[in-house]
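Subject: Structure handover

Hi,

My notes follow below it.

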Amino acid sequence: LPVMMGVTFTAIAPIIATGSNPSLGLPAVFGAVMVAGVFTLVAAPYVSRLIRLFPPVVTGTVVLVIGISLMRVGVNWAAGGNPTIATPTGPAPNPAYGLPVNLGIATLVLATVLCMIAFFKGFLCNIAVLIGIATGFVVAVALGKVTFAGVHAADWVAFITPFHFGLPTFD
């Protein structure tokens with residue numbers, strides 16, 4: 001999926017809608033992604049010729065709008081998740097939302113990324129986000145905010161079963 005859709009998030013809503021539909025499910029998602037991949041492969045050479053029609057002011061504006069639309073998600077993640085959580089009795093306030101430790105880890109990650117970009121060049125500058133995430137992860141582990149229960153339960157080696165969720169369908 002990341003190879004087909006690149007860095008866009010626009011495919012997520014239709015994928016969720018398709019996968020959530022009991023009559024379609026994951027096989028329909030896989031079929032749709034396969035068709036999208038073929039379409040992308042055929043259309044890419046022609047669309048790539050249109051790049052000259054999009055000056056930096058257009059692409060910069062598009063990236064800015066995408067970034068602004070994603071700010072809500074980033075702020076919620078930095079604060080510790082969504083402000084409300086689902087419970088059997090309905091939505092309830094998230095007790096972890098806005099805790100200083102969550103905001104502190106997020107601030108450390110952001111500061112690490114910005115410092116890497118400001119003070120380093122080349123390869124280290126290119127992997128600034130990765131280093132920021134790794135720094136935040138190490139701090140979260142040290143603070144006991146990470147659990148490895150799922151890792152301990154996983155097999156050391158697991159074989160991928162083709163079509164585990166069924167053969168792709170094309171609706």
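Asn76 touches Gly81, Asn82, Pro83 and Tyr97, leaving out residues up to four places away in sequence. Keep in mind that this is a predicted model. Asn76 sits in helix 4, which spans residues 56-79. Its relative accessible area is 14%. The cut-off for buried is under 20%, so Asn76 counts as buried.

Next, Asn94. This residue lies in a loop, between strand 2 (90-93) and helix 5. Asn94 is buried too, at 14% relative accessibility. What does its side chain reach? The side chain of Asn94 reaches the backbone nitrogen of Ala96, at 2.9 Å. Neighbours within four places in sequence aside, Asn94 contacts Gly80, Gly81, Asn82, Pro83, Thr84 and Ile85.

Now the helix pair. Helix 5 covers residues 100-119 and helix 7 covers residues 128-142. Their axes come within 8 Å and cross at roughly 150°. Angles over 145 degrees count as roughly antiparallel, so helix 5 is roughly antiparallel to helix 7. The crossing is right-handed.

Who makes the contact?
- From helix 5: Ile105, Leu108, Val109, Thr112, Val113, Met116 and Ile117.
- From helix 7: Ala128, Val129, Ile131, Gly132, Ile133, Thr135, Gly136, Val139 and Ala140.

By class, this contact between helix 5 and helix 7 has 12 nonpolar residues and four polar ones. Charged residues are absent from it.

Best wishes

Definitions and conventions:
Residues numbered from 1 in each chain as written. Predicted model: local features only at pLDDT ≥ 70, side-chain atom pairs only at ≥ 80, totals over all residues. Heavy atoms only, no water. Axes fitted to C-alpha atoms, helices over the stretch in contact; angles between N-to-C directions. Helix = DSSP H or I, 4+ residues; strand = E, 2+ residues; numbered from the N terminus. Parallel < 35°, antiparallel > 145°, perpendicular 65-115°, else oblique. Left-handed = near helix turned anticlockwise from the far one by under 90°. Contact = heavy atoms within 4.5 Å. Nonpolar A, V, L, I, M, F, W, Y, C, P; charged D, E, K, R; others polar. Buried < 20%, exposed > 50% of the residue type's maximum accessible area, 1.4 Å probe, protein only. Polar contact = N/O pair within 3.5 Å; in protein donor to acceptor, adjacent residues only side chain to side chain.
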